[in-house]
Amino acid sequence: MEQWDKAGAAYEKALAYDRSLVAASYNLARALTETGAYARALEVLGRLRSSDPDNVRLITLEAYALYKSGDDRSALAAYRRASELNPRDPGTLRNLALLLERSGRGEEARTILRELHTVLPSDDAVLRRLALLEARRAREALAVAGTSAVGDTGSDSDPARAAEEALAFLSAYLSRKPEDREALRARAELRESLELFARALEDWADLVKADPSDGTAWFRLARLRLVVAGDREAGLDALRKAVDSKFSDAKAAAALLSALPEAERAKPAEILRAAGLAD
């Protein structure tokens, strides 16, 4: 029933009668972890591990308690040890990948997630983390390579191909979870980077539909409509909604005006000037 405080008290009572009840000690540690008593949970687990140091179940619970307590470094070491002892446990590998990503070891995390996705293609959590990690990696590669990377598929490691792979993962995930705005934003940005403007427009439009207060999405929609699609009225309307939604990136606003033909700048400049985003 997840009444962890009451469960903990019941396990404590059982252990008061018989300290040798290993299952009760394990479950007490779990209850203590869930109620935020991390130091006590780790103390109980330490006692259990002293007589069974390579027990994977104990190590993974210890790793979880360390993670919940904010000690990512120790949690990462514990999950790594658990994965060495049981390299096929999906939960351990998922958590190991998460902590690797958080510690800046994205390539290690990506390798684990790719392997997991191969054996667990229906796992939405794995696919989501993999898609977002691949998208971040592709954006960074495209930013370094610049626009010359678009359309270049000369090798398996080129930025455009990495972006296309990331798009495939994102689209597969969004086909299952279309309401996930973080994944949708990642796909919109990648599509725009690859000059897939019509599809990027669809994604930005879906984002503002899902959250009408998303000023950045309104601005990105406005920029594509004004600069690429030539849809002036719809672009101006989106730009007004962007500033109404507190969009505040003056650098992006200046770049938008610079991208427009001089004859078409007056009205967007007026909207941006009123919001303090243009001179």
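In which kind of crossing, left-handed or right-handed, does α9 pass α10? The crossing is left-handed. Keep in mind that this is a predicted model.

**The α9/α10 pair**
- Helix α9 covers residues 159–176 and helix α10 covers residues 181–193; the two pack at about 145°, and their axes sit 10 Å apart.
- On the α9 side, the contact is made by A163, A166, L167, L170, S171, Y173 and L174.
- α10 brings A183, L184, A186, R187, L190 and R191 to that contact.
- Sorted by type, the contact residues come out as 10 nonpolar, 1 polar and 2 charged.

**Helix α4**
- α4 runs over residues 56–69, so to speak a 14-residue piece, and it reaches 20 Å from first C-alpha to last, close to the 20 Å expected at 1.5 Å a residue.
- Its buried residues are L58, I59, T60, L61, E62, A63, A65 and L66.
- Among the elements covering those buried residues are α2 (22–34), α3 (38–51), α5 (72–85) and α6 (90–102).
- Just past α4, G70 adopts a positive phi of about 95°.

**A254**
- You'll find A254 in helix α14, residues 250–259.
- A254 has a relative accessible area of 39%, so it counts as partly exposed.
- A254 and L127 lie 127 residues apart in sequence, and their C-alphas are 37 Å apart in space.

Key:
Residues are numbered from 1 along each chain as its sequence is written. This is a predicted model: local features need pLDDT of at least 70, side-chain atom pairs count only at pLDDT 80 or more; totals for chains, interfaces and linings use all residues. Side-chain values use heavy atoms; hydrogens and water are left out. Helices (H or I, at least four residues) and strands (E, at least two) are DSSP runs, numbered from the N terminus. The expected span of a helix is 1.5 Å times one less than its number of residues. Buried means under 20% relative accessible area, exposed over 50%, partly exposed in between (1.4 Å probe, protein chains only). Contact means heavy atoms within 4.5 Å. Axes are lines fitted to C-alpha atoms, for helices over the stretch in contact, and angles run from 0 to 180 degrees between N-to-C directions. A crossing is left-handed if the near helix is turned anticlockwise from the far one by less than a right angle, and right-handed if clockwise. Ala, Val, Leu, Ile, Met, Phe, Trp, Tyr, Cys and Pro count as nonpolar, Asp, Glu, Lys and Arg as charged, and the others, Gly among them, as polar.
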